Amino acid sequence: MRVVHFPSSESASQADDEVIYGVHWAHERVLHAGFQSALDPPPERARARRAAPIGEAATVPSSVSVIICTRDRPHHLRECLKSFADQSLTPDEVIVVDNASADDQTREVTEAAGVTYVREDRPGLDIARNTGAKAAKSEIIVYTDDDTVLHHNWLETMVAAFADTKIDAVTGLVLPLRLDTLAQQIFEAHWSFGRGFDIIDFTPQIFSQSQAAGFEAWNVGAGANMAFRRSVFETCGYFDESLDVGASGCSGDSEFWYRIVGLGGTCRYDPSCIVFHDHRDTEAGLQKQLRAYMCGHVTALRVQAQRFPGQGNLKRLYRFLPIWFAGRIAQRLRRGRTTETWFLADEIRGYVDGLLYPLGKKRRRLR
């Protein structure tokens with residue numbers, strides 16, 4: 001059992017300790033105490049998933065491509081690529097999209113692993129995602145991040161979910177690879193990629209019922225663990241290149257899910273599709289990440305409001321978010337600094353960044 005060092009009473013309250021302890025306890029249960037085997041379906045259960053889908057007719061996809069977008073992180077990429085050695089389903093191709101790395105290490109790691117290398121010199125995660133989708137040859141296109149380690153039947157369970165013909169996109173469970181630092185513990189406690197242990201279908205009916213405040217597409221899953229039918233790119237377009245890392249900061253994945261469901265498709269969250277994510281391990285890194293997250297979220301709300309007028313995105317942007325921030329500021333004043341409000345100032349700065357992002361984008365075009 002790993003020993004966890006909690007923050008001192010000078011930097012966090014007893015309630016914070018309890019939150020972080022609970023996160024770490026759950027993590028240890030999953031990794032070391034048997035929950036992993038419960039999430040790991042035996043062969044007969046995997047076959048049943050293929051033979052008896054929830055939807056109409058079973059049509060198991062015939063081919064699958066996995067895309068990993070990366071930039072200047074050869075060590076992370078090497079560990080991720082090792083995960084493919086024991087996958088229960090071998091992908092037809094693995095494509096590494098090198099998004100403008102500064103040297104040749106990414107190419108060297110990719111070639112050593114024997115997978116396909118594609119160079120994209122325009123920086124931006126959604127640009128790289130689109131480049132990967134256009135290069136892929138398979139019926140199902142799967143994405144994971146370079147800082148993940150893959151459960152050994154991750155790909156098999158993800159592809160099996162598409163046996164249900166009404167499913168257009170699939171996401172899965174993202175668990176922390178480690179919880180060694182306070183930054184990792186805070187992220188998992190309050191910003192976790194995990195979405196629970198139940199299968200959830202996000203349907204057009206749910207979308208139509210969310211008009212008051214907009215469809216909460218971020219609940220669909222995480223971009224580190226997602227897959228699409230190729231036909232989705234033909235009917236819905238590609239990832240919005242004004243979003244995510246290298247542009248506004250994040251939400252390229254959630255905006256795409258929003259578009260799929262808004263145009264009549266269905267996204268499924270299936271917790272049996274498991275990856276382990278290596279969260280940022282420093283407070284400075286997490287600080288930067290959360291500011292970018294909020295900036296990207298605000299920008300995505302603007303994009304969604306343009307594409308789907310009347311869906312409540314502007315109400316969330318200009319009414320609900322300021323009220324939410326006001327409540328958290330009041331909590332900070334009342335309770336002092338806790339893990340929940342640890343990076344509140346950076347989140348507010350990210351909100352302002354998002355409001356100003358269209359102006360900055362226009363200035364960059366003029367330059």
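The model is a predicted one, in which local features need pLDDT of at least 70 and side-chain atom pairs count only at pLDDT 80 or more, while totals for chains, interfaces and linings use all residues. Residues are numbered from 1 along each chain as its sequence is written, and side-chain values use heavy atoms, with hydrogens and water left out.

Of its 367 residues, 53% count as buried, where buried means under 20% relative accessible area, exposed over 50%, and partly exposed in between (1.4 Å probe, protein chains only). The accessible surface comes to about 16500 Å², and 53% of that belongs to carbon and sulfur atoms; such areas come from the Shrake-Rupley method with a 1.4 Å probe, and for residues only the protein chains shown count as cover. As for contacts (heavy atoms within 4.5 Å), residues 24 or more positions apart make up 78% of those with a separation of 6 or more.

In helix 7 (residues 154-161), eight of the eight residues are buried, among them Trp154 and Met158. Helix 11 is largely enclosed by the rest of the structure, because ten of its eleven residues are buried; including Phe256, Trp257 and Tyr258, the buried set also takes in the charged residues Asp253, Glu255 and Arg259. Just after helix 11, Gly264 takes a positive phi of about 105 degrees.

The loop between helix 10 (230-236) and helix 11 (252-262) holds Asp244, which is buried at a relative accessible area of 5%. Leaving aside residues up to four places away in sequence, Asp244 touches Leu125, Asp126 and Arg129, as well as Gly249, Cys250, Ser251, Gly252 and Asp253. Ser251 sits in the loop between helix 10 and helix 11 too and is buried, at 7%. Beyond four places in sequence, its contacts include Gly296, His297 and Ala300. Val220, in the loop between helix 9 (204-208) and strand 8 (225-229), is buried with a relative accessible area of 0%. Val220 touches Trp257 and Thr171, among others; Thr171 is 49 residues away in sequence, yet the C-alpha atoms are 7.0 Å apart.

Turning to charges, the whole structure has 24 salt bridges, each being a side-chain nitrogen of Lys or Arg within 4 Å of a carboxyl oxygen of Asp or Glu. One of them joins Lys137 and Glu93, with the closest N and O atoms 4.0 Å apart. That pair links distant parts of the chain, with Lys137 in the loop between helix 6 (125-135) and strand 4 (140-145) and Glu93 in strand 2, 44 residues apart. Lys137 is exposed at 69%, whereas Glu93 is buried at 12%. Another bridge, between Arg291 and Asp353, spans 2.7 Å from N to O; it ties helix 12 to helix 14 (residues 344-366), across 62 residues. Asp164, Lys166, Asp201 and Arg268 are linked in a network of salt bridges.

Notes: Helices (H or I, at least four residues) and strands (E, at least two) are DSSP runs, numbered from the N terminus.
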